[in-house]
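Here are some exercises on helix packing and on the spaces inside a protein model. Try each one by eye, then follow the worked solution.

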Amino acid sequence: MDHSGQNLFDTKRVNRARIYNLIREKGNVSRKELAYTLQLSLPTVNQNLSELMEDGYIRESGLVGKTVGRRATVYSICEDVRVAIGIDITKNHIIIVCVNLNGEAIYRKKVRRLFERSSQYSKYLSELVDETVECLKLKEEQVAGVGIAVPGLITLEGDKIFYGKSLNFTGMTCKELAGFIPYEAELYNDADAAGYAEAHIGNVIPDSFYVSLNNSVGGAILINGQVYRGERAKSGEIGHMTLEPEGEPCFCGQKGCLDVYCNATVLSEHTDGDLGAFFESLNRGDQECMDIWENYLRYLALGINNIRMLFDCKIILGGYVGAYLEPYLEELKKRVIEKNPFEKESDYLKICKVKGEASAMGAALPFVQKVIDQI
Ligand SMILES: [Zn+2]
């Protein structure tokens, strides 16, 4: 059987993708630079540039060079030709973002709304999506999809929450939650989504473990930029690693889980639910806050050391608490080193770069990737 036709088609696709990706990565790239960097002939580059321009994916973005007669046209991507919407659902809030093909948020909004499993709530989500689309004056075909991050475990198919104790929404389907949204929608675990965002637009580390220190503790295993979800979509659930076999009761029904000692409310409940206020008091030297923080760091260091023992990879600290951790990183590193029999350095420990909207961003980004993969 002759496969040469197929091979030619594959080569054409690969060349087109390589040209697009280099333009996306660098911006303002000339024909010559594309040909040289990708080792392609100028006619091949020219042909692909014409097609990509015709399809609306790239544009001429200026001229470079000193001599007027020899100035070369440079190209950039049309970053808003397709976009994706990401939603993060928490107990008290909804965050919605719109992300362009550069992975940049071009719209963000946070509203206070108590979660309830009802059609009113689901309708409200679709209203937020409509508002986003209207505000950005988007055409229907521009929206690649809507990703929804939730604090629950999602089936491998992405269609159902099979463990949702924190919001009491076990069994809720994507159709039930996103049925009023007129675009393709998918559910994501919030920690997985935040980890994905961090791996793609934050620290940009291909292999890492993302620790989500929100009102519950979760985690995501990132391998080559993709979330490793495990055999039954329960990977990375470090919140329920046992740190104290006879410790404090956890909402999961067990005792002494990491979640009990390191969720964000452990800190914020001392300052009327305001996490920022907790860190302000801590900075002022408030004794009660210092004691609570000491205990928090002690357990967080144990958890981090356990993760390092398992994966031997970079560990990114994120979630609500992660956003405040920078000034305490050295102290935390010191504690982690004390626990580690193999290492005297803990540079593997990083603070998240995507703060606040990581889960919403991470829910949108897979749709952006899908578009790019199809170009
Ligand atoms: Zn637990």
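**Exercise 1. Describe how α6 and α13 pack.**

Solution. Start with the geometry: the axes of α6 and α13 lie 7 Å apart and form an angle of about 65°. Axes here are lines fitted to C-alpha atoms, for helices over the stretch in contact, with angles from 0 to 180 degrees between N-to-C directions. Because 65 to 115 degrees counts as roughly perpendicular (under 35 is roughly parallel, over 145 roughly antiparallel, the rest oblique), α6 is roughly perpendicular to α13.

Next, the handedness: α6 and α13 cross in a left-handed way, meaning that the near helix is turned anticlockwise from the far one by less than a right angle, clockwise being right-handed.

Now the contact (heavy atoms within 4.5 Å). From α6 come Asp190, Ala193, Ala194, Tyr196, Ala197, His200 and Ile201, which meet α13 residues including Met361, Leu365 and Gln369. By class, the contact has 10 nonpolar, four polar and one charged residue. Ala, Val, Leu, Ile, Met, Phe, Trp, Tyr, Cys and Pro count as nonpolar, Asp, Glu, Lys and Arg as charged, and the others, Gly among them, as polar.

A word on the model: it is predicted, with local features needing pLDDT of at least 70 and side-chain atom pairs pLDDT 80 or more, while totals for chains, interfaces and linings use all residues. Residues are numbered from 1 along each chain as its sequence is written, and side-chain values use heavy atoms, leaving out hydrogens and water.

Helices (H or I, at least four residues) and strands (E, at least two) are DSSP runs numbered from the N terminus.

**Exercise 2. Which residues lie nearest the centre of the largest pocket?**

Solution. Of 39 lining residues, Thr90, His93, Asn214, Asn215 and Tyr320 are nearest the centre of the largest pocket. A pocket is an open set of points on a 1 Å grid over the protein atoms alone, with protein on both sides within 12 Å along at least five of seven lines; lining residues have an atom within 4 Å of a point. Strand β6 contributes the most to this lining, with four residues. The lining splits into 14 nonpolar, 15 polar and 10 charged residues.

Terms used: On a 1 Å grid over the protein atoms alone, a cavity is a set of points where a 1.4 Å probe fits but cannot get out, and a pocket is an open set with protein on both sides within 12 Å along at least five of seven lines; lining residues have an atom within 4 Å of a point.
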